[in-house]
Amino acid sequence: MGEQLNGLKRTHMCGELTVEDVGKSVVVMGWVQRRRDHGGLVFIDLRDRTGIVQVVFSSNTSSEAFEKVQSVRSEYVLAIEGKVVKRTPENINPKIATGEIEIYADSLKILSKSETPPFPIEDKSNVSEAIRLKYRYLDLRRPSMQKNLMTRFKITQVVRDFLNRNGFIEVETPLLIKSTPEGARDYLVPSRIYPGKFYALPQSPQLLKQLLMISGFDRYYQIAKCLRDEDLRADRQPEFTQIDIEMSFVEEEDVLEINEKMIAELFKETLNIEVPLPFKRLTYQEALERYGTDKPDLRFGMELRDLSDIVSQSEFNVFKNALKNNGSVRGINAKSAASMPRRQLDELVEFVKTYGAKGLLWIQVFEDEIKSPASKFLKEEEVRGIVRRLDAKAGDLILIVADKDEIVFDALAHLRLAFGKRLNLIDESKYEFLWVVDFPLLEYDEKEKRYVARHHPFTAPKDEDIDLLEKEPLKVRAKAYDMVLNGVEIGGGSIRIHSSDLQKRMFKVLGFSEEKAWERFGFLMEAFKYGAPPHGGIAYGLDRLAMIMTGSDTIRDVIAFPKTQNAVCLMTDAPSEVSEEQLKELHIRVDL
RNA sequence: GGCCCAAUAGCUCAGUUGGUUAGAGCGCCAGCCUGUCACGCUGGAGGUCGAGGGUUCAAGUCCCUUUUGGGUCGCCA
């Protein structure tokens with residue numbers, strides 16, 4: 001059994017001791033990073049969340065502590081009392097912050113023993129994620145994970161401080177709410193009291209924050225857990241955290257302005273990076289035309305070019321068909337990639353097929369010739385026009401997709417990203433922010449045969465487009481905006497509808513009967529009757545923000561206890577079966 | 001739901017054309033060592049080759065099924 005503290009108090013953190021502390025008697029507590037046993041002399045590297053300090057055990061200093069340290073192993077939890085001593089110059093270790101000093105141990109308490117951990121607690125070992133997740137509490141001892149979670153804490157701290165200073169009020173909203181249609185699949189919670197009825201866990205506090213505006217809270221924020229029962233990705237977890245913000249008596253400009261100020265302050269305070277204001281802005285349409293995506297990575301160029309006009313009279317069937325079907329022909333220029341081997345070019349064809357493209361056409365531009373599998377179908381002037389449009393020089397590789405716009409954009413956007421990485425065009429130290437604005441309000445859902453809200457059903461249309469709502473719904477632009485950082489959508493929001501009439505029209509366009517709309521959103525429509533201020537807001541994906549700001553590849557690395565791709569917690573083994581009794585109480589019969 | 005990758009010692013991996021007793025590094029255990037800091041030296045222990053089935057004289061290796069982890073398309077207002 002471990003020893004008790006018995007009144008012993010920690011005086012210093014391991015990583016914070018410096019030459020200033022030389023001569024002091026200190027008490028440090030932490031975990032054994034490593035033991036180096038030299039027989040008559042034992043070194044212990046003691047670790048806490050601030051860093052590592054070397055402790056020296058010798059029978060000359062304390063024979064009792066020296067005897068005791070013989071049994072100490074990795075990850076034992078120790079309390080050490082000793083004297084801080086300056087190291088002789090040849091013994092200084094420049095690799096650690098406390099390398100100029102060490103502690104001569106006078107006494108040692110073994111607070112807790114440890115079995116040998118299943119993997120070493122250090123950053124350089126690359127352990128499989130499954131094992132890290134099973135022993136997450138050990139994984140979190142690693143300095144990089146400690147740093148990630150501390151950065152995440154710092155982010156919320158700076159954001160809270162900014163919002164508090166600017167008159168925002170933090171309000172909590174419930175986790176057990178009413179299931180509403182639209183959007184992601186809900187996580188459901190059975191009601192014990194009402195057999196057959198269910199609560200839903202919130203996909204976001206959207207409606208509740210709008211109701212808080214109607215309540216007059218004016219400026220609200222919350223760091224809120226959100227839950228969506230959908231398939232997972234590197235940047236998607238079933239539960240994630242939003243920085244949720246809503247303001248009254250504002251228009252789009254007001255929301256954008258205060259939010260970019262907040263983000264600039266966040267990057268200054270957290271990473272000491274100056275973010276130039278205002279952010280760049282692209283309309284949704286422009287983002288698509290130039291980058292093929294509504295979340296472009298602006299750290300490199302390689303923009304898309306429309307080639308449709310150049311090949312409008314082309315005899316090449318692939319082009320002809322695409323244009324005939326109201327699609328387009330577009331391309332990008334992968335600089336200096338012309339000599340890519342055939343095998344790799346063929347892989348690119350497979351790559352674009354995952355995005356629905358039927359094929360990919362390439363043109364290799366060399367000093368004295370231009371090679372392309374389609375050269376016999378393309379007129380010389382067409383090839384010349386394409387080369388000129390894409391500013392292609394000798395050594396460049398032109399990649400062209402012809403199809404419906406949607407597919408062309410998607411395929412080229414992913415090609416652009418792939419080549420950005422492959423050609424090393426992305427400066428990893430850069431942070432390129434932008435707003436994407438003027439999103440379409442609606443899109444047509446082929447499966448459901450109806451219009452669905454692109455953002456959510458409460459998003460306001462642009463004033464000048466309101467009249468198109470019933471006539472040409474797809475042309476209506478929304479007062480909606482996304483904040484994009486390095487190709488990642490880190491936040492998104494909108495100005496909301498605050499009139500019952502407009503909201504009713506919106507529901508109608510979405511194909512909800514008045515009855516159904518009332519059944520689902522009656523509480524909101526009722527609330528609109530009693531004076532709703534103009535309002536709008538934004539929600540940030542805190543996990544994604546923290547992922548980027550820590551340089552992580554997945555949001556799992558900035559979440560203390562994440563789940564696997566199959567939504568399982570490897571540490572606790574959730575989800576798990578429950579007892580018959582529990583099910584019975586909830587009036588649930590399992591049908592497998 | 002589809003596609004792709006992976007699974008061999010505690011960890012990270014190698015394992016040839018199917019062929020003897022499955023290896024390495026780190027870690028672990030024991031001994032020695034007073035200036036190491038990824039300490040060193042000597043010795044040792046440690047394997048359901050993810051699971052099940054099949055082909056074969058013979059399977060870690062080939063085939064089928066399946067489980068788990070990761071990536072991705074669909075999905076995620």
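Let me start with the contact between protein and RNA. Of the atoms of RNA strand B within 4 Å of the protein, 52% are sugar or phosphate atoms, and the rest belong to bases. Please bear in mind that this is a predicted model.

Which residues come nearest to the RNA? There are 49 residues around RNA strand B, and those that come nearest are Arg34, Asp37, Arg454, His455 and Asn566.

I turn now to individual polar contacts. On the phosphate side, a polar side-chain atom of Asn566 is 2.4 Å from a phosphate oxygen of RNA strand B. Gln565 uses a polar backbone atom, which lies 2.8 Å from a phosphate oxygen of the RNA strand. A base is also contacted: an N or O atom in the side chain of Arg236 lies 2.7 Å from a base nitrogen of RNA strand B.

Finally, I draw your attention to Gln54, a residue of strand 3 (residues 51-58). Is Gln54 buried or exposed? Its relative accessibility is 9%, and because buried means under 20%, Gln54 counts as buried. Beyond its sequence neighbours up to four places away, Gln54 touches several residues, including Phe43, Ile44, Arg87 and Glu102. Arg36 is also among the residues touched, and the side chains of Gln54 and Arg36 make a polar contact at 2.8 Å.

Definitions and conventions: Residues are numbered from 1 along each chain as its sequence is written. Chains are lettered from A and ligands numbered from 1 in the order in which they are written. This is a predicted model: local features need pLDDT of at least 70, side-chain atom pairs count only at pLDDT 80 or more; totals for chains, interfaces and linings use all residues. Side-chain values use heavy atoms; hydrogens and water are left out. A residue is near a molecule or strand if one of its heavy atoms lies within 4 Å of it. A polar contact is a pair of N or O atoms within 3.5 Å; within protein, one must be able to donate a hydrogen and the other to accept it, and residues adjacent in sequence count only if both atoms are side-chain atoms. Helices (H or I, at least four residues) and strands (E, at least two) are DSSP runs, numbered from the N terminus. Buried means under 20% relative accessible area, exposed over 50%, partly exposed in between (1.4 Å probe, protein chains only). Contact means heavy atoms within 4.5 Å.
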